[in-house]
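Good morning, everyone, and thank you for making the time. I would like to walk through the ligand site of one model and then turn to some backbone detail.

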Amino acid sequence: MTSTHVVIVGAGFAGINAAKKLGNKKEIQVTILDKKNYHLFQPLLYQVAMAGLSPAEIASPIRSILSKYNNINVAIGNVTEINLQDQTVKTEFKNYKFDYLILACGATHSYFGKNNWEEFAPGLKSIEQATEIRRRVLTAFELAERENNPKKIREYLTFVIVGGGPTGVELAGSLSEMAHFTLNKEFKNIDLKSTSIILIEAGDRILAGFSPELSEHAKNDLIKIGVTVKTNTRVNEINESGVRIGDDFISSKTVIWAAGVQPSATGKLLSSELDRAGKVVVNEYLHLAEYKNVFVLGDQACAFDKEKRPLPGLAPVAIQQGIHTAKNIIRNCEGKSMMPFSYFDKGQMATIGRGRAISEYSGFKAHGKIAWFAWLFIHILYLVGFRNKVFVFFQWIWSYITFGRGARLITKQEWKNNDG
Ligand SMILES: Cc1cc2nc3c(=O)[nH]c(=O)nc-3n(C[C@H](O)[C@H](O)[C@H](O)COP(=O)(O)OP(=O)(O)OC[C@H]3O[C@@H](n4cnc5c(N)ncnc54)[C@H](O)[C@@H]3O)c2cc1C
């Protein structure tokens with residue numbers, strides 16, 4: 001009997017969960033392609049950027065995650081072409097013929113057409129970007145320490161984060177704690193209590209995906225730990241000297257972008273319908289209307305809940321879609337019809353800093369220590385790999401007791417002052 005070949009592109013939350021569900025299924029062969037050799041737990045990337053965790057603690061090799069499944073072949077490759085007529089996927093090395101295709105390549109940054117800002121304000125989507133942000137932040141403290149000019153010290157100690165969503169809030173809270181509680185004991189020439197962290201949000205409140213009451217809690221928590229929150233504030237320009245907001249200019253050597261995302265460009269390879277953001281429109285079975293064997297999942301899919309609202313770009317959406325699609329493929333192989341996807345909303349949470357978080361589930365709202373412990377527990381639970389769970393758990397206990405940051409390495413050193 002010939003087996004069915006499922007090609008999965010992207011070993012993120014959607015792809016890896018689809019693969020696991022198809023693992024060791026008789027008469028199904030799976031090839032999972034990714035341009036990287038590891039699965040990345042993006043929700044903890046900000047901790048790498050803020051020197052709390054090392055990259056390997058939030059990433060696991062795809063091969064090792066899937067090693068126990070004999071029917072799964074892992075291949076590294078960048079998908080550059082998809083031919084739906086021939087049912088093939090092309091990478092720079094090889095072509096793969098498929099019976100079913102799952103496309104789950106996630107999202108990347110959007111600078112809303114101002115791509116030149118990226119050089120001055122890196123975003124946070126990959127390990128490389130997280131370590132680059134870490135380098136810039138730690139270097140700014142070092143350069144301030146050896147500087148005599150008070151104006152320049154101020155510029156080094158001013159950090160601007162653009163975007164008041166969960167990533168911006170987590171970065172701002174963590175940076176403030178690092179400056180005020182961890183580093184201030186170690187730097188002798190500068191007063192790190194004067195570090196200025198400015199969080200800029202274009203909308204009228206931060207964490208707009210949460211209820212107004214919880215975003216107000218988060219804002220107050222940020223203010224308490226020394227973050228300046230500017231809402232209704234639109235950035236007009238970012239350059240090597242700082243950020244322009246209307247007629248004002250904030251001089252800063254370190255700007256971080258946490259404001260916008262756009263779906264992976266691989267969606268365009270399908271020549272299928274895209275929504276305004278560029279996500280591939282899928283039906284209730286998560287496949288293309290014209291191709292029942294081509295599924296698009298996670299951050300690059302435009303899918304809807306039962307009330308016809310678009311599903312958010314969150315890990316639980318991608319995980320549930322991956323599992324559901326694998327089940328539908330198995331059903332199809334058994335001669336059964338597919339089941340429509342229905343998202344089970346487990347709520348959402350965001351952390352602001354030590355002992356401070358907010359969480360919301362079906363009208364139930366929590367903030368403070370309870371929400372923070374729930375956040376810690378959920379993130380350890382979902383982190384991939386037993387080793388990573390153990391390492392991160394002990395890192396967090398150590399950091400909580402000592403206020404320490406274990407990963408304060410400046411790699412790719414550039415010791416010249418940023419202005420020449
Ligand atoms: C900083 C940050 C914090 C976040 N925090 C949270 C949070 O707290 N809670 C939450 O629920 N969600 C959070 N998210 C969102 C969550 O991570 C995403 O919704 C989720 O990762 C989407 O899963 P996915 O499978 O669609 O894509 P991803 O997990 O992004 O995986 C996509 C995969 O596709 C691969 N790929 C891309 N292009 C190609 C190509 N051309 N060829 C081959 N492979 C390719 C990539 O290498 C990657 O492995 C956060 C995201 C970020 C960036």
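A residue counts as near a molecule when one of its heavy atoms lies within 4 Å of that molecule. This is a predicted model, in which local features need pLDDT of at least 70 and side-chain atom pairs count only at pLDDT 80 or more, while totals for chains, interfaces and linings use all residues. Residues are numbered from 1 along each chain as its sequence is written, and side-chain values use heavy atoms, with hydrogens and water left out.

With that in place, 29 residues surround the ligand, and the closest are Ala14, Asp34, Asn78, Asp299 and Ala315. By class, the shell holds 13 nonpolar residues (Ala, Val, Leu, Ile, Met, Phe, Trp, Tyr, Cys and Pro), 5 charged ones (Asp, Glu, Lys and Arg) and 11 polar ones (the others, Gly among them).

Turning to polar contacts, meaning pairs of N or O atoms within 3.5 Å, a ligand oxygen lies 2.8 Å from a side-chain N or O atom of aspartate 299, and a ligand oxygen is 3.3 Å from a side-chain N or O atom of lysine 36. A polar backbone atom of leucine 314 is also 3.3 Å from an oxygen of the ligand. Of the 990 Å² of accessible area that the ligand has on its own, the protein covers 91%, by the Shrake-Rupley method with a 1.4 Å probe.

Finally, the backbone: asparagine 24, although not a glycine, has a positive phi of about 60 degrees, and phenylalanine 112, likewise a residue other than glycine, has a positive phi near 50 degrees.

Notes: A polar contact is a pair of N or O atoms within 3.5 Å; within protein, one must be able to donate a hydrogen and the other to accept it, and residues adjacent in sequence count only if both atoms are side-chain atoms.
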